[in-house]
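Student: Please take a close look at one helix and the charged pairs around it. I would like the cut-offs stated along the way.

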Amino acid sequence: QVSKKISISGQVTASEDGLPIAGVNILENGTNNGTVTDFDGNYTITVESNAQLVVSYLGYKTQTIKASGSTLNIVLEADITALDDVVVVGYGSQRKKDVTGAVVSISGDELTSNPLPGIDQALQGKLSGVTIINNSGEPGGGVSVRIRGEGTIGNSDPLYVIDGVPIVNNVNSEIPVAGGSGKVSNPLANLNPNDIESIDILKDASSAAIYGVRGANGVIIITTKKGKKGAPQFTFDNYLAIQNVKTIDLLKARDYADLIIEMFDNAGEAIDDVTEPTNLLDDSFVVDRADWQKEFFKTGITHNYNINISGGNEFADYSLSGGYHKDNATTPGAGFKRYSTRLNSNFKLGKFKFGEAVFFSRTVNRRSTFQAARSQIRIINRHAPTVAVYNPANEGGFNGPGEGDGYNRWNPIGLAELTDNVVRRNRFVGNLYGEYEIVKGLKYRLNVGLDAVFTNGSTFIPRYVFSEGQSQEDPSLREYSAEELSPLIENTLNFQKDFGNHNLDLLVGFTQQEYKFSRFSAFSNMLQSNNLQTLNTSSASAQISIAGFDDEWAIRSLLGRVNYNYKEKYLFTGNIRRDGSSRFSEANRYGVFPSFSVGWVLSEEKFLNDHKFINNLKLRFGWGELGNQEIPPYGFQSSLFTSANYVFGGNLQSGITQNTLANENLKWETTVQKNIGLDLTLFDYRLNMTLEYFIKDTEDIILRAPLPGSIGITELPLINAGNIQNRGLEILASYKGSAGDLNYELSANASFLKNEVKSLGIGLPLEGRFPDDSGPVLAVIREGEAINSFFGHVTDGIFQNQAEVDAHASQSGAAPGDIRFKDINNDNVINADDRVILGDPNPDITYGLNASFDYKGVDFSLFFQGVEGVDIYNGLRFWNEGMAEMKNHSTAVLNRWTGEGTSNSVPRAILGDPNFNRRPSDRFLEDGSYLRLKNIILGYSFQKNTLSKFADGFIKSLRIYASAQNILTFTNYTGYDPEIGTGFNQGPGVANQGVDYGIVPQPKTFLTGIQIKF
Amino acid sequence: CNDDFLEKINPNEITTDTFYQTEEDAILAVNSVYAVLQHYDLFKQGYWFIYNGMTDDVGWAGWDGELSNVMFNFSHSPILARSNSIWDALYKGIFRANLVINNVEKMEDFDLKQRILGEAHFLRGWYYLELADSWGGVPIILDEIQVSNEYNFPKSTRQQVYDQVEADFKFAETNLPLKSAYGGSDVGRATSGAASAYLGRSYLYQKKWGEAIMQFEKVIASGEYQLTDNYADNFSAATENNSESLFEVQFSGDGTALWSDDATESAEHNFIPVQYFRWAETGPMFNFLRNALFGPPWAGRGPRRAATFGSRWDDGNYNRIIKFVEFNTNDFRKSDVNLRDMRYSDVLLMYAEALNENGQTPEAITQVDIVIDRVRQESGLANPSDWTDITELKTVEQLTQGDHSGWPLYLTGTDQEGIRNVIKHQRRIEFMYEFKRLKDLIRWGDAEDALVREDDEGNEIQLFQVGKHELFPIPDVEISGNAGLTPADQNPGY
């Protein structure tokens, strides 16, 4: 036989970016003769003439090409089937096609093509069953992430796992600002989105059960980028963004003066007191001196730089990156900076594998202090337009109200600008692993991780003067420093083997994690100078107070998992985890959490084989039990309250008492979840659909249930009480298509959710009050209703005359021009018994729509995100339309009632509001549904042949892009922003969900950037 | 596998296991029972709005949240009432007192053991007295409470609550030291004399005149107390815990910390409802309160008016409520002046009232005269020739009509009814804004006449309803959450 050998060489490149691919296998078909492409994607192979070359590389379609000529360049196409994609499921990974639980994933590419400052923003609206709402538009501000609804009354936050390390979710090292909102920290703020390879979210019990007591609210697994085989590759990203926000129309000086004068008139009072706005009677004073909103909201500018170097070979790979992000915010006194660096590398030596993933970041977050961000807006709205913001004659340069201005609000812009409130946080999250293959298929892995958070913060208030009676006589300084250390040790043993048609994957593990927190703080009320901001400069007569606080918890667990499938057709996953937690007394310390799920791949069955358009059809069912331990660390222990102080002999003396009742019987909160799912892939893998239906019951909810007052305790004890159910439907669909050079992808997701409180402790509802703790009830957690439902009176127009007042049920304080409230129980008197459930802040539907196109290097995408069926209590209107206090109001009050027939919706202006027109009612309750064009991006990637003309082809790829965020919002909501997150807790357990106190709105952002690879 | 790894002890707080060991522990424990007096819903703020705000000593109290608003309108209900949080606060005091009594009793003997138990009983008596006065029959809880799935505390009768109050004050009376026995750093603690006086007050409220008389005589005979020369000394910080003081709620502070509305009871500052001072500045009783009640202009209207109304800052308006108020420049909403809850003049006037009701009217006049004589002395009207020409005791109605000739200093017309009116009048002006008026009106049966308001058209609105408003409602949450109570236990009319 005559054989004729030919030598062929060429380069293998990727179709999507034209970049060379290293490590591609090229095999002469039917032989052992093969080669691998080098760092530059080049290869040379000698084969028989007319031989077939099989070119394969993970993640790309395998091609078989006839060998011909001496130069053969090969272009590989990405494999879009996605079914072979790997999903990280906790202590391992699975092919997507084998997954039987409810897991959604997003790739890092999707996150970085659409640059956003944080991962939370990037995830928003992208995934079904995951609701992400920003609690504030301030950079670094808190975020509420909910997987399948508000599962519990306590902490509904999911667990975050970064490269295998469960991180401390609620970083509590911060000292909240006095009177400020509670949760403002964001566990994701330290992460650079550019570092993310993928995010996988375990939604149902059967998938999250491997995280046992920490998985009840779902698990978000973040995997950072690993190096790929090939020559070092440099990536550089940079963008610049400009932000600004919406404003609300407020009264100008003349309208403001008229309103206040009318308020006094209607109350039958004269403006004649020094505490009253006598100036407003003098027309020469009624002049616009400040547009407080305009002075308050600035244009924010954001810079972001990111650089990454990665590469590797068959023995080692690495990825190293650094990032810098700076956002100087749209409001005074706020700002955010992040410096981040990350290193991932993996080494292989025979049967050993080692590696690490570490990141270090530092964030510097400047926050407004004055009663925190949400009410700062409210104060801005209420300031008199007749009072100037600045006064150069004052120390500090700001102005305050004077005699005759009629109010004593402190200048919020001055407070924000002068006060220096900074939180600096250094966070290290890292893990180190070693893996040894004992026999083929049996691997032992040791994973050691550490989450370390070092926070220090300071609040410096300089000496300043706003006006007489409004001044800071001495500079004051609070400094604090805290560390949180959470070491982790995990031992796992994994066995993987295929026995003919039986494929088995077993995992057993032992893990433990600890958390230690300590904080020290010091405060001095008198520094010597405005310029020396250290505690060392305290005056001799300063009062210095110091405080310290420690916290600890620990968890130790055994876990096991079995994955089994028969012919990849019948799938089974079983999990069991036994957790011990220090948060419970010895008797209730351990909990066992089992789960299982099954899958049936119908498309593998004969009866569907003929339907070629069906690529995959899988039916899944899962059941599982999960625990929740997110309660204060020493919740079951009896402890003493040591600040029950009293004055004797003119001096404060300590007092100690029992604060709450100990509850040794406190046990895990348990979530039982059932999930049924369907995965469908059609038309040559172009159309992908996933449907899920779930029922999630949270039982034995740990909460501080209200007790009758005669118990006499200051803090309600933690008890297991109550049951909440969430059930819902989730849909995810995407279609990838092309027409000529045009490629496009359309995708949509939607989650339908229903929440119901099934039972609650001894039956007393939990109540949340507005506008503060002593105000009336606005929200309740009550049996039979959705969690945090709004509660109050129902309005019924306005009394036009005295006859109407007299004809109506007795309503205390009512006069013509006041709001008529409905007599719900028909007892002819309007009182607390006439209140009803008015609505609820849990959205019925959350959805996202995405469309992306690329054509010859031009890429364009649109992303919409929205919610439907959600109520917002527009608390800002309580003040802006209250017409009871000597403050400025919004232009909505120009339509107020001034006589019969003038208005049937806006009541009269009257000082003191004797009818309490502002009481919780449907008056300020608004439909919070919205559809928002979250993102629009236009980009251009330079063609390879263009790039090759520059610098010897040094630049391998170059993309420039521009995007705009939040530019279009369709909503009927009248406040700043319908994106209202969960606020701070007021009553025991009732979150201020959906209550708008005047949140810093999401800015409109215009952004331009560049991404370069070398 | 039990192991130390999962055994974490709270490093921040002392646990109950290690407490109640030493005398120092016992002192710290009893201090916490006093701390409740400063609670936001008691003397720090709530009492201002309820026990002063609901009376005819103020006009319209303005909006302090719906919870107080409904009380000013007398439209409060078991669901919605500021009195609900007062109820809660009073039981907080009882919970803490019970902890001290039950735990300290078990401790081995130490020097201050009886005193500390006496203090705890005194305070428990005080808290229950407040409940008995304002709610009538309530659950009596004397044991420590354990966490449970059901709480079952049935309602006792008002008489049983007063019996408990008497038992507590009697224990306190015998176990507490005299006021003069306390050293500097203990000034402000409950005394035997205070226990006697409060016991007398509880007898008086029950119309047990003879027993009340005995108690007040005990206080007088102790020689521990006397009226201050200047009436105003009872309302300023510099003269706290003076010779006239039997029991006062102690406050301190330099006024620099920002006032916060937190509901803790460890506040050092007394809240001044300054925004609501228009209370007394408007409304139909404006002229009456200031221009008639305290006497005719030629008398300078006396030191009591001067100590009750005055100028805030230097604003030139002398019609502000200034009792217990010392304005500071940093934050005018708070004051560190102690609130006097039991003054010697109260003992004397209660004594006079008991005597008068007991048929000893001449003896009653003597006691009232002691109180009034301080005013005469301080006014420079000590000479009887300055005032004996006023021969008539004018009615309140005549006073409101602008006839000031009958300044009610004069004490002829000495029948029991006449003296009863004098005592009532004296109590009103002596203790204005001292949290006593509402209870006085109710126990005298005068609330229906006094607690009315005129609306914008001049129509009279009856606020107080007889048969209902003598008591506050039992909180709705108490009835639905306490298995020992049923809706039938609610006070009448609610």
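Tutor: A salt bridge here is a side-chain nitrogen of Lys or Arg within 4 Å of a carboxyl oxygen of Asp or Glu. The model is predicted, so local features need pLDDT of at least 70 and side-chain atom pairs count only at pLDDT 80 or more, while totals for chains, interfaces and linings use all residues. Residues are numbered from 1 along each chain as its sequence is written, chains are lettered from A and ligands numbered from 1 in the order in which they are written, and side-chain values use heavy atoms, with hydrogens and water left out.

Under the salt-bridge rule, one network links Glu244(B), Arg304(B), Lys323(B), Arg343(B), Arg374(B), Glu430(B) and Glu434(B). The count over all chains is 63 salt bridges.

Now the helix, H15(B). Helices are DSSP runs (H or I, at least four residues), strands likewise (E, at least two), and both are numbered from the N terminus. Of the 8 residues of H15(B), 7 are buried, so the rest of the structure largely encloses this helix. Buried means under 20% relative accessible area, exposed over 50%, and partly exposed in between (1.4 Å probe, protein chains only). The buried residues are Arg437(B), Leu438(B), Lys439(B), Asp440(B), Leu441(B), Arg443(B) and Trp444(B). Their cover includes helices H2 (46-52), H5 (113-135), H7 (192-205), H11 (344-357), H14 and H16 of chain B. Just after H15(B), Gly445(B) has a positive phi of about 75°.

Take the packing against H7(B). The axes of H7(B) and H15(B) are 11 Å apart, at an angle of about 35°. Axes are lines fitted to C-alpha atoms, for helices over the stretch in contact, and angles run from 0 to 180 degrees between N-to-C directions. Arg201(B), Leu204(B) and Tyr205(B) of H7(B) touch Lys439(B), Asp440(B) and Arg443(B) of H15(B). Contact means heavy atoms within 4.5 Å. By class, this contact has 2 nonpolar, no polar and 4 charged residues. The classes: Ala, Val, Leu, Ile, Met, Phe, Trp, Tyr, Cys and Pro are nonpolar; Asp, Glu, Lys and Arg are charged; the others, Gly among them, are polar.

Next, the link to H14(B). Arg427(B) and Asp440(B) form a salt bridge, with the closest N and O atoms 2.8 Å apart. Arg427(B) sits in H14 and Asp440(B) in H15 of chain B, so the pair ties together parts 13 residues apart in sequence. Both Arg427(B) and Asp440(B) are buried.

Lys424(B) and Asp446(B) meet in a salt bridge (3.0 Å, N to O). Lys424(B) lies in H14 (residues 416-430) and Asp446(B) in the loop between H15 (437-444) and H16 (447-450) of chain B, so this bridge joins parts 22 residues apart in sequence. Lys424(B) counts as buried because its relative accessibility is 15%. Asp446(B), at 24%, is partly exposed.

For contrast, look at chain A. Glu979(A) and Arg932(A) also form a salt bridge (3.0 Å, N to O). Glu979(A) is in the loop between strands S53 (957-971) and S54 (1004-1013), and Arg932(A) is in strand S52 (residues 930-941), so the pair ties together parts 47 residues apart in sequence. Both Glu979(A) and Arg932(A) are buried.

Between chain B and chain A, the salt-bridge count is 0.
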